[in-house]
Amino acid sequence: MANSGPEALRLCLEHDFAAVLLDVRMPGMDGFETAQLIRGRPRSRHTPILFLTAYRSDEHLFRGYDLGAVDFLFKPILPEILQSKVSVFVELTRNAELLRQQAARLAKAEKQMRHLLEAAPDAMVITNPSGEMLLVNSRADELFGYPTSDLDGRRFDLLVPEWRCPELPSDLEDDDTGISVESRLTGRRRDGSTFPADVTTSLLCTNGTVLVTSAIRDMTQQVRAQRQLEQLNAQLENIVAARTEELTRSNDALRQFAWAASHDLQEPLRMIIIYSQWLMRNAGPKLAGNECQFLDVVQGNAVRMERLLNALRQYLLVNDTAVISPEPVDCHAVVSLVVENLKGIIDETSAHIEIQPLPTLPSVEVLMVQVFQNLLGNAIKYRSDRPPQVVISARHNNREWIFSVQDNGIGIEPRYLEYIFGVFKRIDGNSGAGMGLAICRAAVERLGGRIWAESEPGRGSTLRFALPDGAGS
Ligand code: ADP
(Lines give C-alpha, C1' and ligand atoms only; values in the text may rest on other atoms or scores of the structure.)
Protein backbone atom coordinates (compact mmCIF):
# COMPACT_ATOMS: atom_id res chain seq x y z
CA MET A 1 0.00 0.00 0.00
CA ALA A 2 1.57 3.26 -1.10
CA ASN A 3 0.03 6.67 -0.75
CA SER A 4 1.82 8.28 -3.67
CA GLY A 5 3.74 7.51 -6.84
CA PRO A 6 7.21 8.05 -5.30
CA GLU A 7 6.30 5.80 -2.36
CA ALA A 8 5.11 3.10 -4.79
CA LEU A 9 8.43 3.38 -6.67
CA ARG A 10 10.36 3.00 -3.44
CA LEU A 11 8.39 -0.14 -2.51
CA CYS A 12 8.97 -1.57 -6.00
CA LEU A 13 12.69 -1.14 -5.45
CA GLU A 14 12.58 -3.18 -2.25
CA HIS A 15 10.04 -5.93 -3.09
CA ASP A 16 8.81 -8.18 -5.86
CA PHE A 17 5.06 -7.89 -6.48
CA ALA A 18 2.65 -10.17 -8.29
CA ALA A 19 0.81 -7.14 -9.67
CA VAL A 20 0.50 -3.40 -9.07
CA LEU A 21 -2.89 -1.64 -8.71
CA LEU A 22 -2.52 1.99 -9.68
CA ASP A 23 -4.92 4.91 -9.49
CA VAL A 24 -4.65 6.96 -12.64
CA ARG A 25 -5.32 10.26 -10.91
CA MET A 26 -3.00 10.94 -8.03
CA PRO A 27 -1.67 14.19 -6.58
CA GLY A 28 1.88 15.00 -7.79
CA MET A 29 3.04 12.05 -9.92
CA ASP A 30 0.03 10.51 -11.70
CA GLY A 31 -0.56 6.81 -12.36
CA PHE A 32 0.82 6.82 -15.93
CA GLU A 33 4.04 8.53 -14.90
CA THR A 34 4.44 6.14 -11.96
CA ALA A 35 3.79 3.13 -14.29
CA GLN A 36 6.43 4.40 -16.74
CA LEU A 37 9.00 4.60 -13.94
CA ILE A 38 8.02 1.19 -12.53
CA ARG A 39 8.45 -0.35 -16.00
CA GLY A 40 11.72 1.41 -16.47
CA ARG A 41 13.39 -0.48 -13.68
CA PRO A 42 14.81 -3.93 -14.27
CA ARG A 43 13.33 -5.46 -11.11
CA SER A 44 9.77 -4.44 -11.95
CA ARG A 45 10.02 -4.45 -15.76
CA HIS A 46 7.61 -7.38 -16.09
CA THR A 47 5.30 -6.67 -13.11
CA PRO A 48 1.71 -6.55 -14.40
CA ILE A 49 -0.02 -3.18 -13.79
CA LEU A 50 -3.77 -2.76 -13.36
CA PHE A 51 -5.10 0.82 -13.58
CA LEU A 52 -8.06 1.91 -11.49
CA THR A 53 -9.92 4.79 -13.06
CA ALA A 54 -13.28 6.46 -13.27
CA TYR A 55 -12.76 7.69 -16.89
CA ARG A 56 -13.48 5.42 -19.79
CA SER A 57 -11.61 7.44 -22.38
CA ASP A 58 -9.83 5.78 -25.32
CA GLU A 59 -6.87 8.07 -24.83
CA HIS A 60 -6.51 6.76 -21.29
CA LEU A 61 -6.76 3.18 -22.46
CA PHE A 62 -4.16 3.58 -25.26
CA ARG A 63 -1.75 5.33 -23.03
CA GLY A 64 -2.19 2.78 -20.29
CA TYR A 65 -1.75 -0.25 -22.58
CA ASP A 66 1.18 1.49 -24.19
CA LEU A 67 2.83 1.68 -20.80
CA GLY A 68 2.35 -2.04 -20.25
CA ALA A 69 -0.96 -2.11 -18.43
CA VAL A 70 -2.59 -5.47 -18.46
CA ASP A 71 -6.04 -4.36 -17.43
CA PHE A 72 -8.26 -1.41 -16.53
CA LEU A 73 -10.76 -1.53 -13.70
CA PHE A 74 -13.43 1.15 -13.77
CA LYS A 75 -14.86 2.73 -10.70
CA PRO A 76 -16.98 1.99 -8.85
CA ILE A 77 -14.82 -1.04 -8.16
CA LEU A 78 -16.50 -4.34 -7.27
CA PRO A 79 -14.34 -5.95 -4.57
CA GLU A 80 -15.08 -9.55 -5.83
CA ILE A 81 -13.88 -8.67 -9.34
CA LEU A 82 -10.82 -6.91 -8.01
CA GLN A 83 -10.05 -9.83 -5.72
CA SER A 84 -10.41 -12.45 -8.42
CA LYS A 85 -8.27 -10.48 -10.91
CA VAL A 86 -5.55 -9.98 -8.34
CA SER A 87 -5.75 -13.68 -7.40
CA VAL A 88 -5.03 -14.64 -11.02
CA PHE A 89 -1.84 -12.55 -10.97
CA VAL A 90 -0.79 -13.91 -7.61
CA GLU A 91 -1.32 -17.44 -8.90
CA LEU A 92 0.59 -16.66 -12.08
CA THR A 93 3.49 -15.24 -10.10
CA ARG A 94 3.57 -18.30 -7.84
CA ASN A 95 3.60 -20.62 -10.85
CA ALA A 96 6.28 -18.56 -12.54
CA GLU A 97 8.37 -18.83 -9.38
CA LEU A 98 7.85 -22.59 -9.24
CA LEU A 99 8.87 -22.88 -12.89
CA ARG A 100 11.92 -20.79 -12.23
CA GLN A 101 12.93 -22.99 -9.29
CA GLN A 102 12.33 -26.14 -11.31
CA ALA A 103 14.37 -24.81 -14.19
CA ALA A 104 17.16 -23.94 -11.77
CA ARG A 105 17.04 -27.45 -10.29
CA LEU A 106 17.10 -28.99 -13.74
CA ALA A 107 19.99 -26.82 -14.79
CA LYS A 108 21.85 -27.86 -11.63
CA ALA A 109 21.10 -31.55 -12.21
CA GLU A 110 22.27 -31.29 -15.80
CA LYS A 111 25.41 -29.52 -14.67
CA GLN A 112 26.06 -32.27 -12.13
CA MET A 113 25.40 -34.89 -14.77
CA ARG A 114 27.82 -33.21 -17.19
CA HIS A 115 30.36 -32.97 -14.40
CA LEU A 116 29.97 -36.67 -13.65
CA LEU A 117 30.25 -37.55 -17.32
CA GLU A 118 33.39 -35.46 -17.65
CA ALA A 119 34.91 -37.15 -14.58
CA ALA A 120 34.26 -40.64 -15.98
CA PRO A 121 37.39 -42.42 -17.24
CA ASP A 122 35.60 -43.54 -20.44
CA ALA A 123 33.86 -41.91 -23.33
CA MET A 124 30.24 -41.57 -22.16
CA VAL A 125 27.08 -41.08 -24.15
CA ILE A 126 23.58 -40.67 -22.76
CA THR A 127 20.77 -41.39 -25.18
CA ASN A 128 17.06 -42.00 -25.08
CA PRO A 129 15.93 -45.58 -25.79
CA SER A 130 15.66 -44.84 -29.51
CA GLY A 131 19.34 -43.93 -29.61
CA GLU A 132 19.22 -40.14 -29.88
CA MET A 133 22.23 -38.63 -28.08
CA LEU A 134 21.27 -36.25 -25.26
CA LEU A 135 24.60 -35.80 -23.49
CA VAL A 136 28.10 -36.63 -24.68
CA ASN A 137 31.28 -36.08 -22.70
CA SER A 138 34.41 -34.60 -24.19
CA ARG A 139 36.19 -37.96 -24.12
CA ALA A 140 33.56 -39.29 -26.52
CA ASP A 141 34.09 -36.25 -28.81
CA GLU A 142 37.83 -36.92 -28.77
CA LEU A 143 37.53 -40.68 -29.21
CA PHE A 144 35.28 -40.39 -32.26
CA GLY A 145 36.97 -37.26 -33.61
CA TYR A 146 34.03 -34.81 -33.43
CA PRO A 147 34.13 -31.13 -32.41
CA THR A 148 32.55 -30.34 -29.02
CA SER A 149 28.71 -30.52 -28.96
CA ASP A 150 28.58 -31.65 -32.58
CA LEU A 151 27.10 -34.97 -31.51
CA ASP A 152 24.18 -33.65 -29.41
CA GLY A 153 20.89 -34.70 -30.96
CA ARG A 154 22.49 -37.15 -33.44
CA ARG A 155 22.06 -40.90 -33.33
CA PHE A 156 24.37 -43.15 -31.32
CA ASP A 157 24.59 -45.74 -34.10
CA LEU A 158 26.51 -43.12 -36.04
CA LEU A 159 29.37 -43.89 -33.60
CA VAL A 160 28.67 -47.58 -32.94
CA PRO A 161 26.66 -48.94 -35.88
CA GLU A 162 26.00 -52.34 -34.25
CA TRP A 163 24.68 -50.82 -31.02
CA ARG A 164 21.14 -51.74 -30.02
CA CYS A 165 19.31 -50.49 -26.94
CA PRO A 166 18.79 -53.34 -24.46
CA GLU A 167 15.18 -54.45 -24.10
CA LEU A 168 13.48 -52.29 -21.47
CA PRO A 169 12.17 -54.30 -18.53
CA SER A 170 8.44 -53.75 -18.05
CA ASP A 171 8.86 -53.32 -14.30
CA LEU A 172 11.44 -50.50 -14.51
CA GLU A 173 10.46 -47.93 -11.89
CA ASP A 174 11.63 -44.44 -11.08
CA ASP A 175 15.23 -44.20 -9.87
CA ASP A 176 15.72 -47.82 -10.92
CA THR A 177 18.95 -48.66 -12.63
CA GLY A 178 18.11 -51.43 -15.05
CA ILE A 179 20.22 -54.06 -16.70
CA SER A 180 23.77 -53.40 -17.70
CA VAL A 181 25.13 -55.08 -20.81
CA GLU A 182 28.74 -55.20 -21.93
CA SER A 183 29.71 -56.20 -25.44
CA ARG A 184 32.63 -55.95 -27.81
CA LEU A 185 31.46 -53.87 -30.79
CA THR A 186 33.09 -51.75 -33.47
CA GLY A 187 33.43 -47.98 -33.02
CA ARG A 188 33.46 -45.72 -36.09
CA ARG A 189 35.35 -42.42 -36.03
CA ARG A 190 34.29 -39.32 -37.93
CA ASP A 191 36.93 -40.05 -40.60
CA GLY A 192 35.40 -43.50 -41.17
CA SER A 193 38.19 -45.48 -39.47
CA THR A 194 37.08 -48.16 -37.02
CA PHE A 195 38.36 -49.61 -33.76
CA PRO A 196 37.36 -52.41 -31.35
CA ALA A 197 35.21 -50.95 -28.56
CA ASP A 198 33.84 -52.37 -25.34
CA VAL A 199 30.45 -50.79 -24.81
CA THR A 200 28.72 -51.04 -21.44
CA THR A 201 25.14 -49.93 -21.66
CA SER A 202 22.91 -49.43 -18.62
CA LEU A 203 19.41 -48.13 -18.17
CA LEU A 204 18.33 -45.45 -15.70
CA CYS A 205 14.71 -44.53 -15.09
CA THR A 206 14.26 -41.02 -13.73
CA ASN A 207 11.01 -39.02 -13.49
CA GLY A 208 9.31 -41.55 -15.74
CA THR A 209 11.92 -41.13 -18.49
CA VAL A 210 14.36 -43.87 -19.44
CA LEU A 211 17.92 -42.74 -20.05
CA VAL A 212 20.42 -45.10 -21.63
CA THR A 213 24.00 -44.61 -20.54
CA SER A 214 26.78 -46.12 -22.63
CA ALA A 215 30.43 -46.18 -21.66
CA ILE A 216 32.72 -46.79 -24.62
CA ARG A 217 36.28 -47.98 -24.19
CA ASP A 218 38.78 -48.15 -27.02
CA MET A 219 40.21 -51.68 -26.88
CA THR A 220 42.79 -51.28 -29.65
CA GLN A 221 45.76 -51.63 -27.27
CA GLN A 222 44.26 -54.59 -25.42
CA VAL A 223 43.35 -56.39 -28.63
CA ARG A 224 46.86 -55.78 -29.95
CA ALA A 225 48.37 -57.02 -26.67
CA GLN A 226 46.07 -60.05 -26.70
CA ARG A 227 47.12 -60.86 -30.26
CA GLN A 228 50.78 -60.49 -29.34
CA LEU A 229 50.21 -62.74 -26.34
CA GLU A 230 48.55 -65.36 -28.50
CA GLN A 231 51.42 -65.18 -30.97
CA LEU A 232 53.94 -65.49 -28.14
CA ASN A 233 52.00 -68.41 -26.70
CA ALA A 234 51.96 -70.12 -30.07
CA GLN A 235 55.70 -69.52 -30.43
CA LEU A 236 56.25 -70.81 -26.90
CA GLU A 237 54.19 -73.91 -27.61
CA ASN A 238 56.27 -74.53 -30.73
CA ILE A 239 59.48 -74.14 -28.74
CA VAL A 240 58.18 -76.45 -25.99
CA ALA A 241 57.08 -79.01 -28.60
CA ALA A 242 60.48 -78.83 -30.31
CA ARG A 243 62.31 -79.15 -26.96
CA THR A 244 60.05 -82.02 -25.89
CA GLU A 245 60.76 -83.79 -29.14
CA GLU A 246 64.47 -83.17 -28.67
CA LEU A 247 64.33 -84.41 -25.07
CA THR A 248 62.28 -87.46 -26.02
CA ARG A 249 64.81 -88.24 -28.71
CA SER A 250 67.79 -87.90 -26.37
CA ASN A 251 65.90 -89.82 -23.65
CA ASP A 252 65.21 -92.61 -26.08
CA ALA A 253 68.85 -92.59 -27.13
CA LEU A 254 69.93 -92.75 -23.47
CA ARG A 255 67.49 -95.55 -22.73
CA GLN A 256 68.73 -97.50 -25.74
CA PHE A 257 72.30 -96.91 -24.66
CA ALA A 258 71.58 -98.04 -21.07
CA TRP A 259 69.73 -101.06 -22.36
CA ALA A 260 72.54 -102.00 -24.76
CA ALA A 261 75.21 -101.41 -22.11
CA SER A 262 73.41 -103.50 -19.50
CA HIS A 263 72.90 -106.19 -22.06
CA ASP A 264 76.51 -106.15 -23.33
CA LEU A 265 77.89 -106.16 -19.78
CA GLN A 266 75.88 -109.23 -18.91
CA GLU A 267 78.01 -111.67 -20.89
CA PRO A 268 81.48 -110.62 -19.61
CA LEU A 269 79.99 -110.58 -16.12
CA ARG A 270 78.66 -114.09 -16.47
CA MET A 271 82.18 -115.11 -17.59
CA ILE A 272 83.68 -113.55 -14.43
CA ILE A 273 81.16 -115.38 -12.27
CA ILE A 274 81.62 -118.74 -14.05
CA TYR A 275 85.44 -118.53 -14.10
CA SER A 276 85.72 -117.34 -10.52
CA GLN A 277 83.42 -120.20 -9.46
CA TRP A 278 85.59 -122.59 -11.48
CA LEU A 279 88.71 -121.15 -9.87
CA MET A 280 87.23 -121.48 -6.40
CA ARG A 281 86.25 -125.06 -7.07
CA ASN A 282 89.44 -126.26 -8.74
CA ALA A 283 92.18 -124.00 -7.46
CA GLY A 284 90.59 -123.14 -4.11
CA PRO A 285 92.36 -125.75 -2.05
CA LYS A 286 95.72 -124.54 -3.40
CA LEU A 287 95.08 -120.90 -2.53
CA ALA A 288 96.23 -119.19 0.61
CA GLY A 289 93.56 -118.00 3.13
CA ASN A 290 93.37 -114.36 2.10
CA GLU A 291 93.59 -115.29 -1.63
CA CYS A 292 90.41 -117.32 -1.12
CA GLN A 293 88.83 -114.27 0.51
CA PHE A 294 89.82 -112.06 -2.46
CA LEU A 295 88.26 -114.51 -4.86
CA ASP A 296 85.13 -114.48 -2.71
CA VAL A 297 84.99 -110.66 -2.93
CA VAL A 298 85.36 -110.84 -6.73
CA GLN A 299 82.54 -113.35 -6.91
CA GLY A 300 80.26 -111.45 -4.49
CA ASN A 301 80.71 -108.19 -6.37
CA ALA A 302 80.15 -109.80 -9.72
CA VAL A 303 76.88 -111.32 -8.46
CA ARG A 304 75.85 -107.96 -7.01
CA MET A 305 76.64 -106.24 -10.29
CA GLU A 306 74.53 -108.77 -12.12
CA ARG A 307 71.63 -107.98 -9.80
CA LEU A 308 72.11 -104.25 -10.41
CA LEU A 309 72.07 -104.77 -14.16
CA ASN A 310 68.92 -106.90 -13.94
CA ALA A 311 67.21 -104.22 -11.84
CA LEU A 312 68.31 -101.53 -14.28
CA ARG A 313 66.83 -103.48 -17.19
CA GLN A 314 63.56 -103.88 -15.31
CA TYR A 315 63.49 -100.15 -14.61
CA LEU A 316 64.08 -99.40 -18.30
CA LEU A 317 61.28 -101.77 -19.23
CA VAL A 318 58.83 -100.12 -16.84
CA ASN A 319 59.84 -96.71 -18.18
CA ASP A 320 59.25 -97.73 -21.78
CA THR A 321 57.55 -94.86 -23.59
CA ALA A 322 55.19 -97.08 -25.59
CA VAL A 323 51.55 -96.20 -25.00
CA ILE A 324 49.93 -98.53 -22.49
CA SER A 325 46.38 -99.79 -22.90
CA PRO A 326 44.74 -100.48 -19.54
CA GLU A 327 42.60 -103.57 -19.14
CA PRO A 328 40.68 -104.84 -16.11
CA VAL A 329 43.18 -106.26 -13.63
CA ASP A 330 42.07 -108.38 -10.68
CA CYS A 331 44.40 -107.16 -7.94
CA HIS A 332 43.59 -110.11 -5.71
CA ALA A 333 44.84 -112.48 -8.43
CA VAL A 334 47.96 -110.32 -8.90
CA VAL A 335 48.81 -110.42 -5.19
CA SER A 336 48.18 -114.20 -5.05
CA LEU A 337 50.63 -114.63 -7.93
CA VAL A 338 53.19 -112.44 -6.15
CA VAL A 339 52.80 -114.47 -2.93
CA GLU A 340 53.42 -117.59 -5.03
CA ASN A 341 56.53 -116.00 -6.59
CA LEU A 342 57.88 -115.10 -3.13
CA LYS A 343 56.95 -118.45 -1.54
CA GLY A 344 60.61 -119.25 -0.84
CA ILE A 345 61.36 -116.20 1.33
CA ILE A 346 57.87 -116.29 2.90
CA ASP A 347 58.41 -119.85 4.13
CA GLU A 348 61.99 -119.15 5.11
CA THR A 349 60.99 -116.22 7.34
CA SER A 350 57.65 -117.66 8.54
CA ALA A 351 56.01 -114.49 7.24
CA HIS A 352 52.28 -114.07 7.68
CA ILE A 353 50.59 -112.32 4.76
CA GLU A 354 47.04 -111.05 5.19
CA ILE A 355 45.29 -110.14 1.94
CA GLN A 356 42.20 -108.02 2.43
CA PRO A 357 39.59 -107.59 -0.35
CA LEU A 358 41.20 -105.95 -3.38
CA PRO A 359 39.44 -104.41 -6.37
CA THR A 360 39.55 -105.09 -10.08
CA LEU A 361 40.51 -101.90 -11.91
CA PRO A 362 41.69 -100.81 -15.35
CA SER A 363 45.47 -101.23 -15.27
CA VAL A 364 48.42 -103.13 -16.74
CA GLU A 365 49.00 -106.50 -15.12
CA VAL A 366 52.79 -106.76 -15.53
CA LEU A 367 53.23 -103.32 -13.92
CA MET A 368 50.94 -104.26 -11.02
CA VAL A 369 52.95 -107.48 -10.49
CA GLN A 370 56.19 -105.43 -10.43
CA VAL A 371 54.76 -103.03 -7.84
CA PHE A 372 53.29 -105.62 -5.48
CA GLN A 373 56.30 -107.92 -5.80
CA ASN A 374 58.76 -105.16 -4.88
CA LEU A 375 56.60 -103.88 -2.01
CA LEU A 376 55.88 -107.31 -0.53
CA GLY A 377 59.53 -108.36 -1.06
CA ASN A 378 60.72 -105.26 0.84
CA ALA A 379 58.14 -105.78 3.61
CA ILE A 380 59.67 -109.19 4.25
CA LYS A 381 63.29 -108.25 3.47
CA TYR A 382 63.37 -105.31 5.91
CA ARG A 383 61.93 -107.29 8.80
CA SER A 384 62.78 -106.83 12.46
CA ASP A 385 63.55 -109.66 14.90
CA ARG A 386 59.90 -110.68 14.87
CA PRO A 387 58.45 -112.87 12.09
CA PRO A 388 57.09 -110.58 9.35
CA GLN A 389 53.40 -109.69 9.50
CA VAL A 390 52.20 -108.02 6.30
CA VAL A 391 48.73 -106.67 5.54
CA ILE A 392 47.79 -105.81 1.96
CA SER A 393 44.63 -103.74 1.63
CA ALA A 394 42.84 -101.16 -0.52
CA ARG A 395 40.24 -98.44 0.07
CA HIS A 396 38.31 -96.29 -2.33
CA ASN A 397 38.57 -92.53 -1.93
CA ASN A 398 37.68 -89.69 -4.25
CA ARG A 399 37.82 -91.62 -7.56
CA GLU A 400 41.02 -93.41 -6.56
CA TRP A 401 41.96 -96.76 -5.15
CA ILE A 402 44.55 -96.39 -2.41
CA PHE A 403 46.54 -99.58 -1.86
CA SER A 404 48.61 -100.23 1.28
CA VAL A 405 51.30 -102.73 2.07
CA GLN A 406 51.82 -102.54 5.79
CA ASP A 407 54.58 -104.39 7.63
CA ASN A 408 55.95 -104.75 11.15
CA GLY A 409 59.59 -104.45 10.02
CA ILE A 410 62.45 -102.15 10.93
CA GLY A 411 60.71 -99.02 9.70
CA ILE A 412 62.19 -96.06 7.79
CA GLU A 413 63.50 -92.84 9.29
CA PRO A 414 61.47 -89.78 8.20
CA ARG A 415 64.41 -88.23 6.33
CA TYR A 416 64.56 -91.27 4.00
CA LEU A 417 60.83 -91.49 3.23
CA GLU A 418 61.21 -89.72 -0.12
CA TYR A 419 64.86 -90.54 -0.80
CA ILE A 420 64.27 -94.31 -1.08
CA PHE A 421 62.25 -93.85 -4.31
CA GLY A 422 65.35 -92.61 -6.18
CA VAL A 423 67.26 -94.71 -8.70
CA PHE A 424 69.96 -96.82 -6.94
CA LYS A 425 68.95 -95.21 -3.63
CA ARG A 426 69.08 -97.42 -0.60
CA ILE A 427 69.66 -96.83 3.07
CA ASP A 428 73.23 -97.57 4.19
CA GLY A 429 73.73 -101.06 5.47
CA ASN A 430 71.04 -102.65 3.30
CA SER A 431 72.23 -105.00 0.64
CA GLY A 432 69.64 -104.34 -2.08
CA ALA A 433 70.21 -102.72 -5.45
CA GLY A 434 68.25 -99.64 -4.49
CA MET A 435 66.03 -100.02 -7.57
CA GLY A 436 62.85 -101.71 -6.26
CA LEU A 437 61.03 -98.55 -5.17
CA ALA A 438 62.31 -96.59 -8.20
CA ILE A 439 60.70 -99.28 -10.35
CA CYS A 440 57.49 -99.04 -8.26
CA ARG A 441 57.35 -95.26 -8.68
CA ALA A 442 57.96 -95.46 -12.43
CA ALA A 443 55.24 -98.13 -12.79
CA VAL A 444 52.67 -96.31 -10.62
CA GLU A 445 53.28 -93.01 -12.41
CA ARG A 446 52.91 -94.68 -15.77
CA LEU A 447 49.52 -95.87 -14.57
CA GLY A 448 48.61 -92.27 -13.69
CA GLY A 449 49.05 -92.65 -9.92
CA ARG A 450 51.41 -91.74 -7.08
CA ILE A 451 53.31 -93.66 -4.41
CA TRP A 452 54.62 -92.72 -0.99
CA ALA A 453 55.91 -94.24 2.26
CA GLU A 454 54.77 -93.76 5.85
CA SER A 455 56.67 -95.16 8.77
CA GLU A 456 57.51 -94.97 12.40
CA PRO A 457 60.95 -96.48 12.91
CA GLY A 458 60.70 -99.57 15.06
CA ARG A 459 56.97 -99.95 14.41
CA GLY A 460 57.04 -100.94 10.77
CA SER A 461 56.30 -99.17 7.49
CA THR A 462 53.33 -98.69 5.22
CA LEU A 463 53.94 -98.20 1.53
CA ARG A 464 50.90 -96.74 -0.21
CA PHE A 465 50.05 -96.07 -3.80
CA ALA A 466 46.98 -94.47 -5.34
CA LEU A 467 45.62 -95.32 -8.79
CA PRO A 468 42.70 -93.78 -10.67
CA ASP A 469 39.62 -96.01 -10.39
CA GLY A 470 38.93 -95.59 -14.10
CA ALA A 471 35.32 -94.54 -13.43
CA GLY A 472 35.92 -91.06 -14.84
CA SER A 473 37.54 -92.20 -18.08
P1 ADP B 1 66.46 -102.28 -2.33
O2 ADP B 1 65.45 -102.94 -1.49
O3 ADP B 1 66.84 -103.06 -3.50
O4 ADP B 1 67.60 -101.68 -1.59
P5 ADP B 1 64.38 -100.40 -2.83
O6 ADP B 1 64.35 -99.30 -3.80
O7 ADP B 1 63.33 -101.43 -2.90
O8 ADP B 1 65.81 -101.00 -2.98
O9 ADP B 1 64.37 -99.75 -1.41
C10 ADP B 1 65.20 -98.68 -1.10
C11 ADP B 1 65.51 -98.67 0.35
O12 ADP B 1 64.34 -98.37 1.08
C13 ADP B 1 65.94 -100.00 0.87
O14 ADP B 1 67.33 -100.10 0.75
C15 ADP B 1 65.49 -99.96 2.32
O16 ADP B 1 66.49 -99.35 3.10
C17 ADP B 1 64.31 -99.06 2.32
N18 ADP B 1 63.04 -99.82 2.38
C19 ADP B 1 62.23 -100.14 1.35
N20 ADP B 1 61.15 -100.81 1.80
C21 ADP B 1 61.24 -100.87 3.14
C22 ADP B 1 60.41 -101.41 4.17
N23 ADP B 1 59.24 -102.03 3.92
N24 ADP B 1 60.83 -101.29 5.46
C25 ADP B 1 61.99 -100.66 5.73
N26 ADP B 1 62.80 -100.11 4.80
C27 ADP B 1 62.44 -100.21 3.51
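Which residue forms a salt bridge with D150, and how far apart are the closest N and O atoms? I looked this up and found R154, with the closest N and O atoms 3.4 Å apart; a salt bridge here is a side-chain nitrogen of Lys or Arg within 4 Å of a carboxyl oxygen of Asp or Glu.

I noted that this is a predicted model, in which local features need pLDDT of at least 70 and side-chain atom pairs count only at pLDDT 80 or more, while totals for chains, interfaces and linings use all residues. Residues are numbered from 1 along each chain as its sequence is written, and side-chain values use heavy atoms, with hydrogens and water left out.

Next I checked accessibility, where buried means under 20% relative accessible area, exposed over 50% and partly exposed in between (1.4 Å probe, protein chains only). D150 is partly exposed at 31%, and R154 is partly exposed at 35%.

I then turned to R415, which forms a salt bridge with E413 at 3.1 Å between the closest N and O atoms. R415 is exposed, with a relative accessible area of 60%, whereas E413 is partly exposed at 38%.

My last pair was E454 and R464, whose closest N and O atoms are 2.9 Å apart in their salt bridge. E454 lies in strand β14 and R464 in strand β15, so this pair ties together parts that are ten residues apart in sequence; strands are DSSP runs of E, at least two residues long, numbered from the N terminus. I also recorded that E418, R441 and E445 are joined into one network by salt bridges that share partners, and that a search of the whole structure finds 19 salt bridges.

Note on methods. Helix = DSSP H or I, 4+ residues; strand = E, 2+ residues; numbered from the N terminus.
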